[in-house]
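Let's take a walk through this one, starting with some aromatic side chains and ending with a pair of helices.

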Amino acid sequence: MSHLYIVGTPIGNLEDMTFRAIRILQEVDTIACEDTRVTKKLCHHFKIETPLKSYHEHNKVQMTETLITLLRNGQNVALVSDAGLPLISDPGYELVVRARQEGIDVTPIPGANAGLTTLMVSGLPSFTYTFLGFLPRKAREKSALLETRMYQDSTLILYESPFRVKDTLQTIAKIDGVRQVTLGRELTKKFEQIVTGQVSELLLQLDKQIPLKGEFVILIEGASYQETTAWFDALPISEHVRHYVDQGKKPKQAIKQVAQDRDLPTQTIYNIYHNIEHRPEV
């Protein structure tokens, strides 16, 4: 029976490649990868001569079917990303779903992950964490997402480009300027840097002690118990809804979000917002 292997690769230091990952990549019939130029370098280093096929965000629909056909015909396929674990903010989800639908064995080959690598040494709580990946690029959407998530008692894990990390830290600081944040960059490489401090302090270090080079991991400390219930408790429900409307949500979406925030029925929030039956606000 054919196998689809989901293979983790190093996030910087090639010594983090596992013996099992090397063997699998040598044995399969095809390696599907984001950028063939990147994976060719990896394969050359480890003497892997398996043919490569490009599989990325822009061709994944067509290539998913191509790879499924190979698997149906008895070939073994490995999926890798440019660095780290496939599917974690990288393409591959559709391929895994289709393979499982076809009854094809899908086998994980573990490897390095930038978010968890940073979390291990950050000094931030690691018992409960939430992976958000890349944030929305639009300022309003980014702010709305962070404002909601930062009032949860879970360490947040984000990925960010060096071109947007300053803007993201400024957005975090507007919500809570003293919240503990960790920045990780150039992970496992020669100039690796992992710094933890108040977000306002880290903003002052950007471009100076913290160069804006390389992909960034941003960890945000979870809220304390007092913070998890504080920000909307003082608001009447109608103002709570308008808060989300002002951030760009449609009233229907805002009502659903408020219902989720307060753990109340959506119809209850709808009635209060639209002043139906003149029910008192709570």
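**Aromatic rings, then a helix pair**

Start at Phe134, which is partly exposed because its relative accessible area is 42%. Bear in mind that this is a predicted model.

Two aromatic pairs are found in the structure. How exposed are the two partners? Phe131 has 36% relative accessibility, so it counts as partly exposed, while Tyr159, at 11%, counts as buried.

Now back to Phe134. Its ring centre lies 5.8 Å from that of Tyr159 and the planes are at 70°, so this pair is edge-to-face. Here too strands β6 and β7 are involved: Phe134 is in β6 and Tyr159 in β7, so the pair ties together parts 25 residues apart in sequence.

Next, hop over to the helices. Helix α10 (residues 237-246) packs with helix α11 (residues 251-262) at an angle of about 125°, their axes 8 Å apart. An angle like that makes α10 oblique to α11, and the crossing of the two is right-handed. On the α10 side, the contact is made by Ile237, His240, Val241, Tyr244 and Val245; α11 brings in Pro251, Ala254, Ile255, Gln257, Val258, Asp261 and Arg262. Sorted by class, the contact of α10 with α11 has eight nonpolar, two polar and two charged residues.

Terms used
Residues are numbered from 1 along each chain as its sequence is written. This is a predicted model: local features need pLDDT of at least 70, side-chain atom pairs count only at pLDDT 80 or more; totals for chains, interfaces and linings use all residues. Side-chain values use heavy atoms; hydrogens and water are left out. Axes are lines fitted to C-alpha atoms, for helices over the stretch in contact, and angles run from 0 to 180 degrees between N-to-C directions. Helices (H or I, at least four residues) and strands (E, at least two) are DSSP runs, numbered from the N terminus. Angles under 35 degrees count as roughly parallel, over 145 as roughly antiparallel, 65 to 115 as roughly perpendicular and the rest as oblique. A crossing is left-handed if the near helix is turned anticlockwise from the far one by less than a right angle, and right-handed if clockwise. Contact means heavy atoms within 4.5 Å. Ala, Val, Leu, Ile, Met, Phe, Trp, Tyr, Cys and Pro count as nonpolar, Asp, Glu, Lys and Arg as charged, and the others, Gly among them, as polar. Rings of Phe, Tyr and Trp (its six-membered ring) pair if their centres lie within 6.5 Å; planes under 30 degrees apart count as stacked, over 60 as edge-to-face and the rest as tilted. Buried means under 20% relative accessible area, exposed over 50%, partly exposed in between (1.4 Å probe, protein chains only).
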